[in-house]
Amino acid sequence: MVRLIVSRMHCTSFIPLRYFSAKPKVILDNAVSTLLSNNEMKHRFHPGIVNPRTPIFPQWSIKEIRNILKEKQIVLKEIKESAKKLTHHLNKRHPPLEQSELTSKLLKVEERLNINNHGEKILIEDINLKKNAKARLILKQNIYNWQPINYDKFTSLTYLVGRCVQNYTVSHKIFDEIKSRDKNFKPTTLFDFGSGIGTVMWTASEIWPNTLKEYFCVETSESMIELSERLAKVAKPKIKDAFYRQYFPLSTNRTYDIVVSAYSLFELPGMESRLDIILKLWANTENYLVIIEEGTNAGFKLVNEARDLVLKYANSKHRRGTQFAHVFAPCPHDFECPRRATDNTPCNFSVLYHPLQFLGGRQHIPELYSYVILKKTKRSEDDEQWPRIVRSVLKRSNHTICRMCTAKGELKEEIFTKCKHGRHMYRCARVSEWGDRLPLHYEQQQENQETDIVNEIILKNENT
């Protein structure tokens, strides 16, 4: 009988390395977790949610707008059509072309003219634009013809009808976020650059009715100032001390608790004037500087331009005196905007508004806007720096997808489930919307964790 001798074999168990990746772990904020576990807070009211979802436009303003249109004998159908055209123009607007950009644009025109030209090369300086219709058309397609808007009496009324609700709704949501997150902030003075019809004043007086005492407005259009003064007289709460100037004050010694520039940067004739105004506004700021623009690519670029300028200026080693600045909202960080660095889509947000009903508005409409709130202090050590949701939340069966901007200046996409993140974290993500903050932190695992575990497995098998 033959006996087979088989050497003793050891079975080695392999553990997939993906289970030991160094991917950061999502942790619900401890304070929020405790409140939810003790049933002291409902998930839909977690502190990262920015309310109200749809600010209600005040009835006193609707009534006064109707009275103004009636007194001016304005045909509602005509003003509605004009408002539609003006709103479309504002949404498609771009800032003036800089001289440095003009050369490259003209070279593109020259290149297109020479695509099918088999003869002598056409030079841009030799083209007579009055006679050459093709060159004129290509020039219009490549070079934006910026023109300042003349806000005369009728245009000011058109702006009042076409933009009052949107401007009010956006500023209300932004101011309400400041109030809810900084409960100790009690402003007494407000500076509104490019005040227009005064929607910023209405909103601020509602958010801080007991503390705001003085409103300083800069507006170049006399017709806009007239409308703003009339509306301010019937505003509720009452707006008492509102001062108007057509030009920026020469002295920058005076500071205001909150300084606002809402939908005004597009009216400036170039980058140099924009940067100059932003620095002047920052010099006039005591606590908060708020910049608001359209939620288009062009609007976002202007907001980001102002954000970068203030952060660089405040942190510059060459300026005199110590000064601090940090981004209060929407960014949870002070790094370069990852949206600007990674793709060509704007960092914008959405809010619902209800158009004026007497002009036929029956449904809620979303308004896209870009903004930044800069605070004139150093970022506090206890600042949560919760991630901001920067795109619509995707709610699917048993999971929710959130695209967020994090405290490290990165864009992250997280898929939340009950199994992986727990009930509280999952439900907080489920009830959140675009523009809210999620009360969570990323816990980075040790970099050598994967290597240590693999080495431990190898040694164990070698010993056996």
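Visitor: In this predicted model, which ring does the charged end of Lys 376 sit over?
Guide: A charge counts as over a ring if NZ of Lys is within 6 Å of the ring centre and within 35 degrees of the ring normal. The charged end of Lys 376 sits 4.9 Å from the centre. The ring belongs to Trp 282.

Visitor: Where does Arg 163 lie?
Guide: The distance to the ring centre is 5.0 Å. Arg 163 lies over the face of Tyr 263.

Visitor: How many aromatic pairs does a search of the whole structure find?
Guide: Each pair is described by the distance of the centres and the angle of the planes. The search of the whole structure gives 16.

Visitor: Are the planes of Phe 57 and Tyr 168 stacked or edge-to-face?
Guide: Their ring centres are 5.3 Å apart. Planes over 60 degrees apart count as edge-to-face. These planes stand at 85 degrees, so the pair is edge-to-face.

Visitor: How many residues apart are Phe 57 and Tyr 168?
Guide: Phe 57 is in the loop between α1 and α2. Tyr 168 is in helix α6. The pair links distant parts of the chain, and the separation is 111 residues.

Visitor: Is Tyr 168 buried or exposed?
Guide: Buried means under 20% relative accessible area. Tyr 168 has 1%, so Tyr 168 is buried.

Visitor: What parts does the pair of Phe 185 and Tyr 288 tie together?
Guide: The ring centres are 4.8 Å apart and the planes are at 75 degrees, so this pair is edge-to-face. The parts are 103 residues apart in sequence. They are the loop between α6 and β2, with Phe 185, and strand β6, with Tyr 288.

Technical notes. Residues numbered from 1 in each chain as written. Predicted model: local features only at pLDDT ≥ 70, side-chain atom pairs only at ≥ 80, totals over all residues. Heavy atoms only, no water. Phe/Tyr/Trp six-rings, centres within 6.5 Å; stacked < 30°, edge-to-face > 60°. Helix = DSSP H or I, 4+ residues; strand = E, 2+ residues; numbered from the N terminus. Buried < 20%, exposed > 50% of the residue type's maximum accessible area, 1.4 Å probe, protein only.
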